[in-house]
Each structure stands twice: as C-alpha cells, then as structure tokens.
Amino acid sequence: MAEQRLPTSPMGVRVERVLTSGTFELDGGSWEVENNVWVVGDDEQCVVVDAGHQAGPIRDAVGDRTLDAIICTHAHNDHVDVAVELAEALGAPIWVHPKERELWEMTYPQRVPDADLSDGQVIVVGDLEMHVIHTPGHSPGACCLYLPALGLLVSGDTLFQGGPGATGRSFSDFGTIVESITERLLTLPDETVVLTGHGDSTTIGAEAAGRDSWGE
C-alpha cells in the first residue's frame, strides 16, 4: 500500500501512485495481484483512475481535495472493486466505457456507472487535459488516458513494460490489443512515460522497440 508521487508539473498538477493488493477473478480463476491506482490532480481537486482493492489508502491520497470522478480504464474486478465505496463516500461519479458493461455487472449487478467514457473525450482536472483513447483488446471497452502536457499515458492493462496486456480470457483478443497499441499508442511521442495498471512504468519508445516480437 505504498504511495509514490511523481514530480509536480508547472501547472500545479501532480500524479500519485497508490499501490494496493487483492484478488483478480475471472473465468472461475482467482489470482493475487498488486494494482497501481493513479490519483491525478492539484491541491484542490483530483480524479482517481482504477479504484482497486483497498479504499483506505486511496482516500488518504485524495485527502481533503474534491474528488471529481473515478475513472475506470476497464472493468475487471481488481480495477473497480472499491469504486462504488469511494463514490458513495466522496460523492464522485464513476465513468466507464459502455462496452465494459458486461464485465462491470460481474462486480456490480445492481449499480450502473454514472457516466460513459468515449474515445476522444477530454477530461479536465484543474488546468490539465486528459484525453481518452479507446484501446480494446484486453477487454472490449478498455481505455487509456493521455496527458500530453505531462508527457504521460495511463495505460490500465493495455500496455505494460514488456508489451501488451494479457489476453486469452473471456472478453479479450490478442490481435485486437496489438492493433490498438500499434495504431493508437505507439504513435505517441517516444518519450511518453507509460504509467501501467500493474508493475513498473515504461516509455512508448521502449515498447515500440519491441513491437516486432509481439506477432500479429
């Protein structure tokens, strides 16, 4: 449950990582995982990206700021399982891409998200723009968030250090995720830092260099 703060931008916006742990469950299997939860904002307001596992440390990172939204890069349970708890405690809407609805309902059959994410949508936090990029493959409605002013990409489980996120389970497709990454993410500047949903960060350039080894 460690917190790591990235440098503050000239506009006063900072990105903080909160490391949480719990289980990922799908297709009858269960795996112990650690998740990177990202909190993006300034001293007054923020958003949480992927509210997984443990609400307490995420609330600590939010502090006394206004939580404007809980943004879900996708709806696997380990990325959303404290989203409703946080939303109700802090009065924030939950945003999920509509193609994630079936996965969302596996965790929350009685609670629908408050708003839809859409490709090309721009979310403003303080003075910072976050651009939504729909990148299906790991799941149908998986999205990444591009922060051009900071040179950052929050990639969820679409792109990791070492290549694409996992496929082979329900709702996923390897060819689709490779196409999404190649056409939508590897076109970003090479120096863009990729903040992943699990594990260490990487850069677009580092992952582009290994693209030929992924196959099609």
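In which strand is the place of L147? L147 lies in strand 10, residues 143–147; helices (H or I, at least four residues) and strands (E, at least two) are DSSP runs, numbered from the N terminus. The model is a predicted one, in which local features need pLDDT of at least 70 and side-chain atom pairs count only at pLDDT 80 or more, while totals for chains, interfaces and linings use all residues. Residues are numbered from 1 along each chain as its sequence is written, and side-chain values use heavy atoms, with hydrogens and water left out.

Leaving aside neighbours within four places in sequence, L147 is in contact with V15, V40, L128, E129, M130, L152 and V154, where contact means heavy atoms within 4.5 Å. M130, one of these partners, belongs to strand 9, residues 128–134. M130 is likewise buried, at 0% relative accessible area. With neighbours within four places again set aside, the contacts of M130 include V40, V47, V49, Y146 and L147.

H79 is part of helix 2, residues 77–80, and counts as buried because its relative accessibility is 0%. The side chain of H79 makes a polar contact of 3.5 Å with the side chain of N35. A polar contact is a pair of N or O atoms within 3.5 Å; within protein, one must be able to donate a hydrogen and the other to accept it, and residues adjacent in sequence count only if both atoms are side-chain atoms. Not counting residues up to four places away in sequence, H79 touches several residues, among them N35, D50, T73, D157 and H198.

T73 sits in the loop between strand 5 (66–71) and helix 2. At 1% relative accessibility, T73 is buried. Its side chain makes a polar contact with the side chain of H74 at 3.0 Å. Beyond four places in sequence, T73 is in contact with residues including V49, D50, H79 and C143.

**Helices 1 and 3**

Helix 1 (residues 55–62) packs against helix 3 (residues 83–90) at an angle of about 40°, with the axes 10 Å apart. Axes are lines fitted to C-alpha atoms, for helices over the stretch in contact, and angles run from 0 to 180 degrees between N-to-C directions. The angle makes helix 1 oblique to helix 3; angles under 35 degrees count as roughly parallel, over 145 as roughly antiparallel, 65 to 115 as roughly perpendicular and the rest as oblique. From helix 1, A55, I58, R59 and V62 meet E85, L86, A89 and L90 of helix 3. The buried residues of helix 1 are A55, P57, I58, A61 and V62.

**Positive phi**

Most residues other than glycine have a negative phi.

| Residue | Phi |
|---|---|
| H53 | about 80° |
| F171 | near 75° |

H53 is in the loop between strand 4 (45–49) and helix 1, and counts as buried at 13% relative accessibility. F171 is in the loop between strand 13 (163–164) and helix 5 (174–185), and counts as partly exposed at 28%.

Note on methods: Buried means under 20% relative accessible area, exposed over 50%, partly exposed in between (1.4 Å probe, protein chains only).
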